[in-house]
Structure formats: C-alpha cells, structure tokens
Amino acid sequence: MERIPILRMGEFLLVTIQVDMHDQLALTLQDDLTSQINATGARGVLIDISSLEVVDSFIGRMLANMSAMSRVLDAQTVVVGMQPAVAITLVELGMSLEGIRTALNVDKGMDLLRSCLPPRLGEDEEDAAG
Amino acid sequence: MLPQIIARHEGELLAQWLQEQKANSIHQDSGQEAEARQISSEFLRNLKNSLSSSSDVQGAEFALVRELLADLSRSRGVQGYSPAQTATYIFSFKKPLFAAIKKELGNNAEGLASETWNASELIDKLGLFTMEVHQKTREEVISRQQQEMMELSTPVVKLWSGILALPLIGTLDSERTQVVMESLLQKIVQTGSDIAIIDITGVPTVDTLVAQHLLKTITAARLMGAECIISGIRPQIAQTIVHLGVDLGGVTTKASLADAFAMAIQKRGFTVSKIKSAGLPVAM
C-alpha cells in the first residue's frame, strides 16, 4: 500500500507530500505520524506540501488535525511551501487553519521550529539527536 | 438605373453632397473638409462601380465602399465624434441623390418611386453600417482602457530582500481582488519573501466587502508562510472600519507605508542607522 514517508531529522520529523493526497492516504499518514512522534519523542514536525496542487476541505481538515494531534503529543508543527492556488482554495473554502504555523520553504520552516522550541532541561543536542 | 444616374451626375452630386455636409456642419475644420472632399469623390466612384454589378451592401462587390466608410467611421470614432455626426455624413447624401433621380425620371412617376426607394434603402444600409463600425470602435476603446486599468492597478514591488509592497489604487471589487491576490501570492513564491505590506492609501472607500477581500488575501498569504501588514489607513477609513464592526484583529496595521517598512525591516532583523559622518565625503 502507498505510504507517505516520514523522515527523522534530529529532533524533528520531516513529512514530504509528493503525491496527490486521497482520503485513505491522509488517514494512514495521520496514524503513522502520531505513532512516529510517540516512538521518537520528536519535538517538531515539518510538513512540506510544495508538490501538493489539489486540496479539498477534507485534506485541509487533516492538516489542522495533524497539527492539533502533534501539539497534544508535545510537538510543534510547521506547514511549509503551500502553493498560491492551494492557499486561495483553502481561504475560499473558509479554512484559515488558525493555529497552524506556516513558512515559505523547508529552510525557513526549520528556523521557525528551532526558534519556537525552548531548550529541554537537562538535555543537550547530542542526547536529543541520539 | 442608379449607377447610370450617378455616372451622369457625378460632378453635380459631389458638389451638392459637400454643400450638404457643410450645412450639417459635420467637419470641425478645413483640414477635415479637404479630407472629406477626397473621401467623398472616391466613395462616389466606388459606389458607382459596385452598384453596376450588385445591389447587396454586404456582398463582395461593396468591399471597397465598406472599407472606405469603415476607415472614416473609425477615425471619427477615435476623434470623439458622436454617432449621429458620423451617420449624418452618409445620410446627407440622400438629398443630392434624390434630386438627381428626380431630374432623370421627373415624368415617370412609377420609375421615380421605385428608384427613390432603392436609393433610400441603399443609403440606409450604408448608414447603419457606419453606425455599427462607429459603435465597435468605441467599444474597443473602452475595453482597451479597462484592460489597461486592470494591469495598471496591481504592481507588486520588492522593497528589500524578503519584503514586498503592494500599493493598491482604486476601488477593490471581487475581480480585481482575485488578480491582486494571485499576483501577490505568485510574487511571494518567486522572491521567497516573508513580509508583504499592503498599502491602501489609494483605496477610496473600505466597506465590509473590501475588508473581507483584504482579510482573504492576508489569510492566504499566511497559509503560505508570509506575514502581511496593512498600511496607509486614513483616519476616515479607520473610523469606517470600526463603525462597520470589521474585525482586523490579528492583522498588523500601520498608519503609513514608512512605519510598516520600518517594522518589516526590524522583523527581518535589520536596523537602519544614520551614518555618523553624513555630510562629509565618505572614503571607501
């Protein structure tokens, strides 16, 4: 079955959506992501949707849900690289995705994640990465 | 019959027609009068030739006549003549033509009636054609101006690395907002800018619809990861926004573009400072 890969980068998880999302794929991703956050103790999730060209309200809600679930699991979420057409569609659908952090590209998204995470007590980079 | 009548009285017709044109004051100056003389004589010659083979104004035989009239009508349309003035040019030909027909067929009542009808129909058709071209020319002018206004009104300029400005001028309707929104978002992707300043100094009125359009644009930009600042809010507009109960909470607003730019620079992590040695030549 088709799956969207979730890559681990240090204390962050990187999700790159390269294919058009259908509903089952989105549900699978949601399952995978929550279990990965749990397993790795990741503190940040970066969702790259720069290749995503078609969205509907379901996918929009999935993005909001994933962000909310990550927050419950103590991980910050940043959605990066949204295409103009996708942004316009979501706004026209009335989904402003309040509470989701966004950035223009992966680089800026990483910076944003790092800047909004306070250093963990009693841990340094090596521990978190290892 | 008509072509022969025109052929026999060509000089006379032209002279009387020009007199009619003058009497109806169709031309504004002597230059146009001279131009009209040339066009009129050419028109008569072509009309005579066309009529001898056909009487269908839309047909191929009348191509030259139509072209001549279209040129005249088009140039008049661009110069701002009214449709009536343009059409009078061709309608003023009726009087001389009827006079010529009467002279030829004065005693033949039946022939006179039928030729007059033919001539009248011909002139009416040509007149209508002139009106149509005139109308079309004016419509072209209007649609061109609309297009120009559309393009004129949505420039997205880069102020600094990572800072865009969108100076809005004129009333915002749904169609324009769509264009503005698309060009802003497109430019954000192209330049990788974090901050966009939307300056509404040139927007005459802000109602709930305009405010909603602005908020949509800002939300879309935020979804892409860029922040928007609204600047150039005039006192009256600030009052209107509050009276209308529009919620601009969560959107940064500044009074002037300068303030917004200063804030954007600060957010990008730059500072602007005065060179201490200003006024002295700077050694590089």
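In this predicted model, helix 2 and helix 3 of chain B meet through a set of named side chains: B:Glu10, B:Leu13, B:Leu14, B:Trp17, B:Leu18 and B:Gln21 come from helix 2, while B:Ala36, B:Arg37, B:Ser40, B:Ser41 and B:Leu44 come from helix 3. Sorted by class, the residues of this contact comprise six nonpolar, three polar and two charged. Helix 2 spans residues 10-23 of chain B and helix 3 spans residues 30-53 of chain B; their axes come within 10 Å and cross at roughly 140°. With that angle, helix 2 of chain B is oblique to helix 3 of chain B, because an angle has to be over 145 degrees to count as roughly antiparallel. The crossing of helix 2 of chain B past helix 3 of chain B is right-handed.

Helix 3 of chain B has a further partner in helix 4 of chain B, which covers residues 63-79. Here the two axes come within 8 Å, and the crossing angle is roughly 155°. Helix 3 of chain B is therefore roughly antiparallel to helix 4 of chain B. This passage of helix 3 of chain B by helix 4 of chain B is a left-handed crossing. On the helix 3 side of chain B, the residues involved are B:Ile39, B:Glu42, B:Phe43, B:Asn46, B:Leu47 and B:Ser50, and they meet B:Leu64, B:Val65, B:Leu68 and B:Leu72 of helix 4 of chain B. The residues of this contact divide into seven nonpolar, two polar and one charged.

Further along chain B there is an open sheet of five strands, arranged in the order 1-2-3-4-5 with mixed pairing. Its edges are formed by strand 1 (157-160) and strand 5 (252-253) of chain B; each has a single partner strand, so one side of each lacks a neighbour in the sheet. Strand 1 of chain B pairs with strand 2 of chain B, residues 163-169, in the antiparallel sense over three bridges. Within this pairing, B:Ile163 in strand 2 of chain B is the bridge partner of B:Trp160. Helix 8 of chain B (residues 174-191) packs on the sheet and touches strand 1, strand 2 and strand 3 (195-202) of chain B, with its direction at about 165° to that of strand 2 of chain B. Helix 11 of chain B (residues 257-267) lies across strand 1, strand 2, strand 3 and strand 4 (227-231) of chain B, and runs at about 175° to strand 3 of chain B.

B:Lys158 lies in strand 1 of chain B and, with 13 C-beta neighbours inside 10 Å, counts as partly exposed. Leaving aside residues up to four places away in sequence, B:Lys158 touches B:Leu164 and B:Thr191. The C-alpha atom of B:Lys158 is separated by 9.0 Å from that of B:Ala196, although the two residues are 38 residues apart along the chain.

Turning to chain A, the secondary structure comes to five helices and five strands, which follow the pattern β-β-α-β-α-β-α-β-α-α along the sequence. Chain A has 130 residues, of which 35% count as buried. Among contacts in chain A between residues at least 6 apart in sequence, 80% join residues at least 24 apart.

The strands of chain A also build an open sheet of five strands in the order 1-2-3-4-5, again with mixed pairing. Strand 1 (6-9) and strand 5 of chain A stand at its edges, each with a single partner strand, so one side of each is left without a neighbour in the sheet. From one strand to the next, the twist averages 25°. Strand 3 (residues 44-48) and strand 4 (residues 76-80) of chain A pair in the parallel sense over five bridges, and A:Val78 in strand 4 of chain A is the bridge partner of A:Leu46. Helix 4 of chain A (residues 106-116) lies across strand 2 (12-16), strand 3, strand 4 and strand 5 of chain A, running at about 160° to strand 4 of chain A.

The contact of the two chains takes 14 residues from chain A and 15 residues from chain B. On the side of chain A that touches chain B, the elements giving two or more residues are helix 3 (84-92) and strand 5 (101-103) of chain A. Helix 3 of chain A gives the most to this side, with five residues. By class, the side of chain A that touches chain B has 10 nonpolar, three polar and one charged residues.

Note on methods: Residues numbered from 1 in each chain as written. Chains lettered and ligands numbered in written order. Predicted model: local features only at pLDDT ≥ 70, side-chain atom pairs only at ≥ 80, totals over all residues. Pairing = 2+ DSSP bridges. Helix = DSSP H or I, 4+ residues; strand = E, 2+ residues; numbered from the N terminus. Contact = placed C-beta atoms within 7 Å. Axes fitted to C-alpha atoms, helices over the stretch in contact; angles between N-to-C directions. Buried ≥ 20, exposed ≤ 12 C-beta atoms within 10 Å, placed from the backbone. Nonpolar A, V, L, I, M, F, W, Y, C, P; charged D, E, K, R; others polar. Parallel < 35°, antiparallel > 145°, perpendicular 65-115°, else oblique. Left-handed = near helix turned anticlockwise from the far one by under 90°.
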